[in-house]
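Here is a short report for a reader new to this structure. Keep the sequence and the 3D view open while reading.

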Amino acid sequence: MSILICPVCGNPLSETPNQYRCPDGHCFDRAKSGYVNLLLSSGKHTKLPGDNKMMVASRKAFLDKGYYRPLADALCQAVLPLLPRVGGTLLDAGCGEGYYTQRLAEEAEAAGQQLAITGVDISKFALDKAARRRKDICFAAASVFHLPIATASYNLVTTLFAPWCGEEMIRVLKPGGWLAMVIPGPKHLWELKEAIYDQPYENEVRDYQLEGFAFQQRIPVEGEIFLDNNPDIQSLFQMTPYYYKTSAEGQQRAAALKELTTRIQFEILLYTRNG
Ligand SMILES: [Zn+2]
């Protein structure tokens with residue numbers, strides 16, 4: 001039995017090497033890369049929802065070079081001690097191509113911590129990359145607004161730059177469970193924006209309060225990264241939401257950048273589930 005439930009009827013799913021199956025006979029195949037597709041066609045707004053192939057490839061190329069390693073390290077440091085040494089459960093909701101999910105698994109392993117880790121994302125392109133990272137993480141294609149996950153399953157949910165669905169987070173967390181949310185700070189990638197836009201705007205940082213959760217801690221992560229080549233700059237640009245909002249002129253400016261030093265600024269926000 002797994003923590004995953006059937007997206008059709010809500011019964012628990014059993015795992016076989018190639019499939020997940022519920023007692024009512026609904027079957028879900030495992031992709032060649034290893035993730036299971038639990039996205040129902042009725043739940044998709046487009047044929048291929050989520051980050052597209054180019055965004056996923058850019059993000060993976062950029063993250064695998066370690067530019068955001070300080071964030072991954074700070075996240076591991078903040079959340080792994082919140083989990084039990086043995087038998088802890090962690091959900092990475094909106095895991096993308098799995099860079100942070102993998103780092104969490106690696107650091108837990110290095111510390112001798114035995115965790116069951118699940119990664120969920122709506123983009124099959126992203127999951128295809130994620131599932132190749134580690135076979136001991138359960139990766140599933142699903143929407144964070146309709147998680148195919150049994151109620152009260154997780155000690156901790158991480159959500160990094162992902163769409164927010166508070167009700168589902170509350171539902172899948174165990175009582176007293178933890179939530180770690182990562183958001184960009186106001187000046188995140190400021191110098192990249194300055195290079196591209198005539199009038200760069202700061203990211204809006206909203207109120208920290210979340211319904212159903214008690215705010216516990218804010219951990220700022222700040223630094224500077226140096227990109228010494230245009231392909232890395234393009235990868236960074238293309239993995240951001242700005243890319244699609246940028247004029248042709250802005251895109252040309254990005255294409256002409258030979259190097260870039262820019263600020264990175266994140267906030268890790270820790271919460272406990274009320275009740
Ligand atoms: Zn079923």
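Strand β2 (residues 19-21) and strand β3 are joined by three bridges and run antiparallel. Within this pair, Y20 has F28 of β3 as its bridge partner. This is a predicted model.

The sheet is open and holds three strands, ordered β1-β2-β3, with antiparallel pairing. At its edges are β1 (14-15) and β3 (27-29), each of which pairs on one side only.

## C9, ahead of β1

C9 sits in the segment before β1. Is C9 buried or exposed? C9 has 11 other C-beta atoms within 10 Å, so it is exposed. The cut-off for exposed is 12 or fewer.

Leaving out residues up to four places away in sequence, C9 touches C22, D24 and H26. P23 is 14 residues from C9 in sequence, and their C-alpha atoms are 9.6 Å apart in space.

Strand β7 covers residues 138-141.

Which strands pair with β7? One is β4 (residues 36-37), which pairs with β7 in the parallel sense over two bridges. Here N37 stands opposite A141. Another is β6 (residues 114-121), which runs parallel to β7 and is joined to β7 by four bridges. In that pairing, T118 stands opposite C138. From β6 the chain crosses through helix α4 (residues 124-133) to reach β7, and this β-α-β crossover is right-handed.

A142 lies in the loop between β7 and β8 (154-160). Why does A142 count as buried? It has 23 C-beta neighbours inside 10 Å, and the cut-off for buried is 20 or more.

The contacts of A142 reach to other parts of the chain. Not counting residues up to four places away in sequence, A142 touches P7, L38, L39, V120, I122, L147 and P148. Take L38: in sequence, A142 and L38 are 104 residues apart, but in space they are 5.5 Å apart, C-alpha to C-alpha.

## Helices α2 and α3

Now turn to a pair of helices. The axes of α2 (residues 69-79) and α3 (residues 99-110) come within 10 Å and cross at roughly 50°. That angle makes α2 oblique to α3. The crossing of α2 past α3 is right-handed.

Which residues make the contact? On α2 they are A72, L75 and C76. On α3 they are Y100, R103, L104 and E107.

## Two residues with positive phi

Most residues other than glycine have a negative phi. F161 is not a glycine, yet its phi is positive, about 50°. F161 is found in the loop between β8 and α5 (166-172). F161 counts as partly exposed because it has 15 C-beta neighbours inside 10 Å.

L189 also has a positive phi, near 60°, and is a residue other than glycine. L189 lies in the loop between β9 (173-184) and α6 (190-196). With 23 other C-beta atoms within 10 Å, L189 is buried.

Notes. Residues numbered from 1 in each chain as written. Predicted model: local features only at pLDDT ≥ 70, side-chain atom pairs only at ≥ 80, totals over all residues. Pairing = 2+ DSSP bridges. Right-handed = clockwise from strand over helix to strand, strands pointing away. Contact = placed C-beta atoms within 7 Å. Axes fitted to C-alpha atoms, helices over the stretch in contact; angles between N-to-C directions. Parallel < 35°, antiparallel > 145°, perpendicular 65-115°, else oblique. Left-handed = near helix turned anticlockwise from the far one by under 90°.
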